[in-house]
Structures are given as structure tokens and as C-alpha cells.
2 protein chains.
Amino acid sequence: MNTGKQKKFVLVIHGGAGTITRQNLTQQSEIAYKESLEKALQTGYQILRVGGSSLDAVEAVVKILEDNPLFNAGKGAVFTHEGKIELDAAIMDGKNLAAGAIAGVTTIKNPIAGARAVMEKSGHVLLIGKGAEAFAEEQGLDIVDPSYFYTQSRWDSLQNLIKRDTIKNQINNNNRKTSVEKTGNHDSKFGTVGAVALDMQGNLAAATSTGGMTNKKYGRVGDVPIIGAGTYASNATCAISCTGWGEFFIRLVVAKSVSDLVEYKNYSLKKSTEEMIMKKVPQLGGDGGLIAVDKNGNIAMPFNTPGMYRGYIKNDGKAVVKIFKD
Amino acid sequence: MNTGKQKKFVLVIHGGAGTITRQNLTQQSEIAYKESLEKALQTGYQILRVGGSSLDAVEAVVKILEDNPLFNAGKGAVFTHEGKIELDAAIMDGKNLAAGAIAGVTTIKNPIAGARAVMEKSGHVLLIGKGAEAFAEEQGLDIVDPSYFYTQSRWDSLQNLIKRDTIKNQINNNNRKTSVEKTGNHDSKFGTVGAVALDMQGNLAAATSTGGMTNKKYGRVGDVPIIGAGTYASNATCAISCTGWGEFFIRLVVAKSVSDLVEYKNYSLKKSTEEMIMKKVPQLGGDGGLIAVDKNGNIAMPFNTPGMYRGYIKNDGKAVVKIFKD
């Protein structure tokens, strides 16, 4: 890939993993998703090709996906059980292991910008709820009314899920796993967006953003804002952004485990990521996927669900975008 | 240690690491801390010696430390900048990698009981803020008025810290590291309590609870409720509970890193824990310590601060309690 004349750079993105099949995605939707992913890749490419940092690239790309109502992050995020939107995001700089994250916020237009401000301006790593919102406002970030995030399709998803749960409870036997598997609603349950990049300076970065789970209750937070679970980057190894059933990704500390398999066990990026996504996550009963790029520019995009919105772009500027397994 | 007649069990606890020296701890305080640690160890011992689970032991021990105003967890927790108390806790079961955590709660008398309820009853791993409180209340846990957690000494610490920060800001140059190092106020800045245990069935568990940082703002959450950072347990390796400057423990994903060094690099527990606490954490600019026990009953209690409240007990029922380096 590397011509030797030009330093290597790589950007990989995802828009969530789930029950995404040719049967349940219309051709029109497929085109819309692909165009959106390609636009995000091209935006990141324009930053990286002129020597911009991986950190700037992943933030810019995630912002675009947050602004796009197709994805479960920022505008278009899924609703909580109470009909609210609670957003989580994280960013990590592999150069110095700096990290920032926010959880349970309702007014920050671009949660990933909030996470970056936490990383660079707060002296902390994780801020939650109203406190995180106050911090973002003081930092001059775009603050919106919670209604900004509303989309009809997500609202309908919540209503359908509540209706189904009610019916299911009536006919008793409330098996959680089944209820999730049968949503059929592909990304509406666990959608997430994320980006990882290697820049020409050899720096890695990762960013992830989500609205969490449709119908979530009790201030539930998934893996996205948990450094080491959904998001991790170290120049010594790789950058990772996960998507899937967050609880399993937290318990397995998936992102850091991938990095540690690379660092401590000398596994390739492919083998490390497959160890977690094709073996450990499903063994525990979870599902999902991840995107990763290592310090040498190798990429991996494994997932154990029917589909994952994903793509990558390298020096040649040719965006590759995929949704299904084949 | 193991006689062969009786199965091995081990309990290790901590009450926070910090600038704890013979110079700044009165003899009276020293005795009070040691008696408290010993009482906690004996309580856990009574559970483990009759075949109780490591999970029950670490929860019971952390509850005792939460109820004790000497430690920065539960009653006696430190105050936020706004004069409130926001508590975080996590628990993990090494047998099945089940985990539960809560962050930013103000009304749950024993946050560690909240974390355990999340693990066993919510289908989630992390609940935050009001949502976590509502869940705990529904589960019938003890709910208290936030004033329950108030102690005069912590209030005074906050006032002193605010005063010092004001003076420091007036004479400019607001260097965060210096401000933390000079508190002199030992555990009032980053105190935490934690317990790890190996039971007779060979199961490992870890539990950690904290009030976080004195004078914290913006809903800051440290490493304690982050599975993999401040708390982790796996029967395949070890159980870990951390204490210290949480931001560094999150960025380094300290607890999971210790486990991965054991699993993937075949390091001893001693070498793994020292790699993180004596090398990686200080290299990045942080400080603190941890307690750990591995599946063979080996223990480690490294810290890079002047002192750490700590102790352990094994089959022989002899509680060993220490505070200073020597």
C-alpha cells in the first residue's frame, strides 16, 4: 500500500452492528447508508491527506455521523424508556493516552466534541449528566434543546418496543436475550458510530458516540464512554472503536483486551480482534463488532452480527464501504 | 500456607492510598484506622471461613468501610465543589465476569449494594445518577437523605481546598499536579475503599467504593465504577481493586492490564501489579496503589504514594494491617 514516497494514513469507520440483512434493509436505505459512510470517509480523508492529525480526523468523522439521523448517535439517537435521549461518547489519543468521555448528556449537540473538550480542558476523563452539560456550555460548545435530537423513526421504534415488551410480559416469560435478538429492528437497539485512524505522523486515535439502547432505563450507560471497553487507542498497539451489546463489551473490557493481545501476546490485529469478537463476546452471550487500525496501518472490522455499517479509506483516496457479511 | 486439609481462602482490603505519613497521622488516628481495617478483615474472614463466597465477602467488607466515616466512601465521603456528595462503586464476580457499577449517586446508603443489585437484577452493568437511585429504591435498598453522608472533617477539607485554590489562583499559575501533591490532606483527595477475595470454591471477586475527589466538579467520575480501570476480577487470573488518581487509572485501564499481564504475558501477580503501579502509572504522572489476589491465593498490595491503608487475612485468621511503607 505504502508507496514509500508518501507516509501511510488510514481511516476506518462504523455506523453500528446488528441484524442488518438484505431482507430488512430496503435498497433505498442501503444507498442512503452507503452514501453517508462514504461522505464521512471522504471528510476524514481530506484531513489526513494534508497531514492532519488522527484525532482531528476521528472527531470530524464522528461529528458527521452524529449529525446524520440515520445513525444512533447525536441527531437520530434512540429514545430511553421515558422518551428522552441520553448520549454517550468517548475519544482517545494514542500519542499520549489522553482520553475524554461524557455519559448521559441531553443537550450537547455533538457529544464527541464534548468528549474532546473533557480530554483537553477538564483535567478529567469522564464527566456525566448535568455536570458534563455545564462543562460543555462553559467551553462554548454547541448546546441544543433536547428536542433537536428527535426523529420520528426512533420514536416509532420506542413505541414498538414498549408495545412488544408489554405483550411479552403479558404472555409472561421475560427472556432478555430473546427479546433483544428478536427486535429485528437492526441498528435501533444497539447502534453506535465510531472512527479510528492512523495519521502520517504515526499517531493513532479512536472516537465513539452513541444514543445507547432503545428503551433503556435507570440511567443505563453502555461501553461507549468506558475507556478500554468501547474505545481505546495507544500508539504502541492500535486504535479500537466497538459497537454492540455494550454490557458484554464492558465485562470483557474488549478494546483494551485487543490492544493487550497485540502488545503482550504478539497477536496480529486480525487475530486479536477475532479472539474478542468471534470468540469471547459470543461465548459470554453478547454480540457486536469493532473497527481497528494498528500502528502499521493494518485494519480489522470483525462482527458477529448479520451486518455492520463500515468502511475505510487509505492514501489512495478510494473509499470502501460495506454493510453485509459478503 | 495451604495445609492441604483446608481449602485456601484470602481476603485483601484497602482504605485508600495517599500522602499518609507518620508525620501527618496522629497516633490516635493510626490506631483508629488500624482497628477499622482489622474489623473489616475479621468480618470478611467469618464469611470466607465457613465457605461463603468471595462476592459476599467483598460486599460485606466494603459495606463496613462505607459505613465508617474514616474512609472516603459512603458515610464520610468527600464533598464536591458544590458541597454535595456523589458516590461511585463497582463489584465484579470472577466466576462469570458478571459486573455491576453505579456512578454519581447521592441517596444510596451503601453504594456497593447498589452496584451488586445492578449486577444481579438490572441486566446492565453501569447505571448513573437519578436513574441508578430509582433502580436502587425499586430494589428495596437502604435509601438515605444526602445529609446522612455529611461529616464535619470532610466539610472542612472542602473549605480548606476551596480557600487554597482561591489563593493559588490569585497568585496565578494554576498547576494541577502541584495542587494535588500539596494537599497534605492524605486520603481526603483520592480516598477509596476496596476488597478482593479468593474463596474456598476458587472464585475471585473484587469490590470498590468511593466518594471520588474532594472539590470535584461537573459530574466527574473516576476509575472506581469503570470495570477494567479501578475494579476487575476473573477466575482465570486475579481480582483487583485500585485507589489513587483515578484519571490515570482509567487511561491505563489498570485493573484489566494487571489481569492481561498475568494471562497473556505469564507475569506473576507481583510483577504485573508492580509494572502498572510502580512504572506505568507514575510514568504518566499519576499516583496510587492497588490490592490484588490471584487464583492461587498470592496477594499484592503495591502503592507509589507514601502510604496506603491496607491489610489481608488468610485461613489462619491472623489479620495483618499496614499503613506506611515499612
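Biologist: Which residues in helix 8 of chain A meet helix 9 of chain A?

Modeller: This is a predicted model. From helix 8 of chain A, the residues are A:Val254, A:Ser257, A:Val258, A:Leu261 and A:Val262. They meet A:Leu269, A:Ser272, A:Thr273, A:Glu275, A:Met276, A:Ile277 and A:Val281 in helix 9 of chain A. By class, the residues of this contact are eight nonpolar, three polar and one charged.

Biologist: Why are helix 8 of chain A and helix 9 of chain A called oblique to each other?

Modeller: Their axes cross at roughly 140° and come within 8 Å. An angle has to be over 145 degrees to count as roughly antiparallel, and 65 to 115 counts as roughly perpendicular. Helix 8 of chain A and helix 9 of chain A are therefore oblique. The crossing of helix 8 of chain A past helix 9 of chain A is right-handed.

Biologist: What makes helix 1 of chain A and helix 2 of chain A roughly antiparallel?

Modeller: Helix 1 (residues 27-49) and helix 2 (residues 54-67) of chain A pack at an angle of about 155°, with their axes 9 Å apart. The cut-off for roughly antiparallel is over 145 degrees, so helix 1 of chain A and helix 2 of chain A get that label. Their crossing is right-handed. Helix 1 of chain A contributes residues including A:Ser36, A:Lys39 and A:Ala40, and helix 2 of chain A contributes residues including A:Asp56, A:Ala57 and A:Ala60. Eight nonpolar, four polar and two charged residues make up the contact of helix 1 with helix 2 in chain A.

Biologist: Why is helix 2 of chain B called roughly antiparallel to helix 3 of chain B?

Modeller: The axes of helix 2 and helix 3 (residues 111-122) of chain B cross at roughly 150° and come within 8 Å. With over 145 degrees as the cut-off, helix 2 of chain B is therefore roughly antiparallel to helix 3 of chain B. Among the residues that meet are B:Leu55, B:Asp56 and B:Glu59 in helix 2 of chain B, and B:Pro111, B:Ile112 and B:Arg116 in helix 3 of chain B. This contact of helix 2 with helix 3 in chain B divides into six nonpolar, no polar and six charged residues.

Biologist: What makes strand 7 of chain A and strand 13 of chain B edge strands?

Modeller: They belong to an open sheet of nine strands, in the order 7(A)-4(B)-3(B)-2(B)-6(B)-5(B)-1(B)-12(B)-13(B), with mixed pairing. Strand 7 (220-221) of chain A and strand 13 (320-324) of chain B each pair on one side only, as edge strands do.

Biologist: How do you know that strand 1 of chain B and strand 12 of chain B pair?

Modeller: Pairing requires at least two bridges. Strand 1 (residues 10-18) and strand 12 (residues 307-314) of chain B have seven bridges, in the antiparallel sense. In one of these, B:Met308 of strand 12 of chain B is the bridge partner of B:Ala17.

Biologist: Which strands does helix 2 of chain B lie across?

Modeller: Helix 2 of chain B lies across strand 1, strand 2 (87-93), strand 5 (193-198) and strand 6 (204-210) of chain B, and runs at about 160° to strand 5 of chain B. Helix 4 (residues 129-138) of chain B lies across strand 3 (98-105) and strand 4 (126-128) of chain B, at about 120° to strand 3 of chain B.

Biologist: Why are the two copies described as related by a two-fold rotation axis?

Modeller: A rotation of 180° with 0.0 Å of shift along its axis superposes chain B on chain A, with an RMSD of 0.0 Å. The two copies are thus related as by a two-fold rotation axis. B:Tyr264 comes closest to the rotation axis of the residues of chain B, at 2.9 Å for its C-alpha.

Biologist: How do you know that the copies meet through the same surface?

Modeller: Of the interface residues of chain B, 100% are also interface residues in chain A, so the copies meet through the same surface.

Definitions and conventions: Residues numbered from 1 in each chain as written. Chains lettered and ligands numbered in written order. Predicted model: local features only at pLDDT ≥ 70, side-chain atom pairs only at ≥ 80, totals over all residues. Heavy atoms only, no water. Axes fitted to C-alpha atoms, helices over the stretch in contact; angles between N-to-C directions. Helix = DSSP H or I, 4+ residues; strand = E, 2+ residues; numbered from the N terminus. Parallel < 35°, antiparallel > 145°, perpendicular 65-115°, else oblique. Left-handed = near helix turned anticlockwise from the far one by under 90°. Contact = heavy atoms within 4.5 Å. Nonpolar A, V, L, I, M, F, W, Y, C, P; charged D, E, K, R; others polar. Least-squares fit on C-alpha atoms with pLDDT ≥ 70 in both.
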